[in-house]
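Colleague: I'm new to reading models like this one, and I'd like a close look at one part: the charged side chains. Please take me through them step by step.

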Amino acid sequence: MAAASHRRLDLKRSKPYQPYHPHDRVEPLTPGEVYECDVEILPTCIVVPAGWRVALTVRGKDYEYEGELSEFGKKFHYATRGTGGMTHDDPDDRPKDVFGGKVTLHAGGDRAAYVLLPVIPPGKGTP
């Protein structure tokens with residue numbers, strides 16, 4: 001999901017381990033209001049070797065690698081810095097007066113927060 005404003009779920013197409021967002025309407029957030037969001041982390045995004053740790057950073061902007069790009073990275077249309085060809089910096093689509101503020105996460109107590117990660121057994125596409 002690119003934005004919480006596209007948080008609506010299609011309950012018929014969603015699965016317990018995979019939310020489905022139709023992206024057929026924009027539902028802007030109201031500052032100070034709390035919204036529940038289901039975010040999918042695609043199982044094709046990352047492979048983590050056994051024994052390694054996974055960290056999750058949530059922020060209101062794309063990840064941008066600030067180091068030197070490899071020749072491979074420079075060949076992409078957007079000279080990828082971590083998001084591939086999907087950038088979210090168009091001033092018409094992401095005006096700073098709407099998307100330039102603070103992001104607050106509400107978790108704990110009566111607000112459950114969790115990360116469900118896929119586990120692909122050895123021999124099913126993993127080395």
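**A close look at the charges**

Modeller: Let's start with Asp90, which sits in the loop between α1 (71–74) and α2 (96–99); helices here are DSSP runs of H or I with at least four residues, strands are runs of E with at least two, and both are numbered from the N terminus. Before going on, note that this is a predicted model, where local features need pLDDT of at least 70 and side-chain atom pairs count only at pLDDT 80 or more, while totals for chains, interfaces and linings use all residues. Residues are numbered from 1 along each chain as its sequence is written, and side-chain values use heavy atoms, leaving out hydrogens and water.

Asp90 has a relative accessible area of 39%, so it is partly exposed; that label covers values between buried (under 20%) and exposed (over 50%), with a 1.4 Å probe and protein chains only.

Side chains of opposite charge can pair when their charged atoms come close. A salt bridge means a side-chain nitrogen of Lys or Arg within 4 Å of a carboxyl oxygen of Asp or Glu, and this rule gives two of them. In one, Asp24 pairs with Arg8, with 2.6 Å between the closest N and O atoms. Both residues lie in the segment before α1, so this pair ties together parts that are 16 residues apart in sequence. Asp24 also bridges to Arg25, where the closest N and O atoms are 4.0 Å apart. Put together, Arg8, Asp24 and Arg25 are linked in a network of salt bridges.

How open are these three? Each one counts as partly exposed: Asp24 at 48% relative accessible area, Arg25 at 43% and Arg8 at 26%.
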